[in-house]
Amino acid sequence: MKKLVVNQYRLFCINVVLLVLADWMQSSLLFQGMPFVVAFFKYSALLFGILAFILEYKKGLNIGETAKLCFLLLLSLLTCLKTRNMSYLLIVLIITTAKDIHIDDFIEINFKVSVICAIIQISLWILNCFVSLGFPIYENAIEHRIGFLYIHPNMAAVKLGWMIIMWLWLRWDIAQKKDYVIAAIATGLLYYTTRSDGCVLIYVFILLMILKNKPTIRRMVLFWGKYIFFLIGIVSYYLSVHFIGYGKSSQVSQYLDVFFSKRFAMAYLAIKDTGMTLWGQVISTEHDWEGVDTLFHFGNYTIDCLYIYLFVAVGLVWFVLISLGFYNLLKKSKSYKYAVVVIVFSLYALIELHCLYLPKCFALLLLKDCIFDSNSSEQSVQLH
């Protein structure tokens, strides 16, 4: 009988599976009212992440890697304490324990587990259409927006949309015309059912993937990929803080706000109400605006923009680190494939904050190459 060897790679795989399952449960109506189940999977993922971390770093690190790693761990712990949210430590643990692991391994595990969860989710939604299980068919009956039993149609669009991107990523070098057609049809169906504007960005990914062999497109994508996260973040902040006023900036912000589903208006309120934070803070969108808010009439508001969420909740330092990370990543790797993901992620961050979390979107995992003095993930050895 073959002896089961517990190594860093296996612990990493278990960690990813648990994390994806926890994220699914947290995003699903099926598990609403069962926070203890979600907590069990999330903290189990944290435990296996710590074990994988210990095994990985028993091998030793050079001084530069050790300094960067200690800084990230201490910063993530501080942010967790400030925000009362352990998710940021999980993000850093996944990135650091993936030091010598091929990024395709993470994406493949994530994709397979997510597909199984999505099949369960969508099958129950279809059954619910014929035999009432007590769940809504439409999240918004007027617009006929379907959430497929996720907590919101936008959540369904994020999770299912990035599954399409993961599938395309895994087929990057072998993709044929039929693959692009399948992806385009799936994206069209996702937009038709969820009515989420984020689906347009999946088409951006498909288009840039089709054009991957065009030298001019490659140069443009690599150039803009280095700066786009930082630039969009600054522009989104500027338009948000100038939402109220009489100048050109306010006019532009209010005009765009119509197309961005009041995101700039809500961002303005978030900045005005909570202020900015360097390391993180606890925020609430539950406010009594009656008698005060005579302009917006929101009641309560939400933060849909990842950039604003970083500025007012997670911390400005994380925005700077991610911006520098993407710049250094693309300067070092010169990977068109990476640049396409960074561009799509940066555009997605303008309308959706949930792309911050690795089970939904793998973009931040690319930054592991900025922490460690190792070869690009595209050249790393798979540790099966």
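Me: What makes a space in this structure a pocket, and how much space lies in the second largest pocket?

Reply: On a 1 Å grid over the protein atoms alone, a pocket is an open set of points with protein on both sides within 12 Å along at least five of seven lines, whereas a cavity is a set where a 1.4 Å probe fits but cannot get out; lining residues have an atom within 4 Å of a point. Grid points are joined across faces, edges and corners, and the volume is the space filled by probe spheres set on them. For the second largest pocket this is about 630 Å³. It is lined by 29 residues, of which Asn85, Tyr309, Leu353, His354 and Tyr357 are the closest to its centre. The model is predicted: local features need pLDDT of at least 70 and side-chain atom pairs pLDDT 80 or more, while totals for chains, interfaces and linings use all residues. Residues are numbered from 1 along each chain as its sequence is written, and side-chain values use heavy atoms, without hydrogens or water.

Me: Which helices supply at least two residues each of that lining, and how is the lining of the second largest pocket divided by class?

Reply: Helix H1 (8-27), helix H4 (87-97) and H12 do so; helices (H or I, at least four residues) are DSSP runs, numbered from the N terminus. The largest share, 5 residues, comes from H1. The lining of the second largest pocket has 16 nonpolar, 10 polar and 3 charged residues. Here Ala, Val, Leu, Ile, Met, Phe, Trp, Tyr, Cys and Pro count as nonpolar, Asp, Glu, Lys and Arg as charged, and the others, Gly among them, as polar.

Me: Why is Ser87 called buried?

Reply: Buried means under 20% relative accessible area (exposed is over 50%, partly exposed in between; 1.4 Å probe, protein chains only). Ser87 has 13%, so it is buried. Ser87 is found in helix H4. Not counting residues up to four places away in sequence, Ser87 touches Lys42 and Tyr357, where contact means heavy atoms within 4.5 Å.

Me: How do you know that the length of H14 agrees with that of a helix?

Reply: The expected span of a helix is 1.5 Å times one less than its number of residues. The 13 residues of H14 (residues 336-348) should therefore span 18 Å, and the end C-alpha atoms are 18 Å apart, which agrees.

Me: What makes H14 mostly covered?

Reply: Of its 13 residues, 12 are buried. The buried residues of H14 pack against several helices, including H6 (153-170), H9 (215-241) and H13 (316-333).

Me: What is the largest nonpolar core, and which residues touch the most other members?

Reply: A nonpolar core is a set of buried Ala, Val, Leu, Ile, Met, Phe, Trp, Tyr and Cys residues joined through side-chain atoms within 4.5 Å. The largest has 132 residues, and Phe345, Phe362 and Leu364 touch the most other members. The largest share of this core, 12 residues, comes from H6. Leaving aside neighbours within four places in sequence, the contacts of Phe345 include Trp162, Phe229 and Leu364.

Me: How many cavities of 30 Å³ or more does the structure hold, and what lines the largest cavity?

Reply: The structure holds 3. About 40 Å³ of space lies in the largest cavity. Its lining includes Ser236, Phe260, Arg263 and Leu350, and the largest share, 3 residues, comes from H11.
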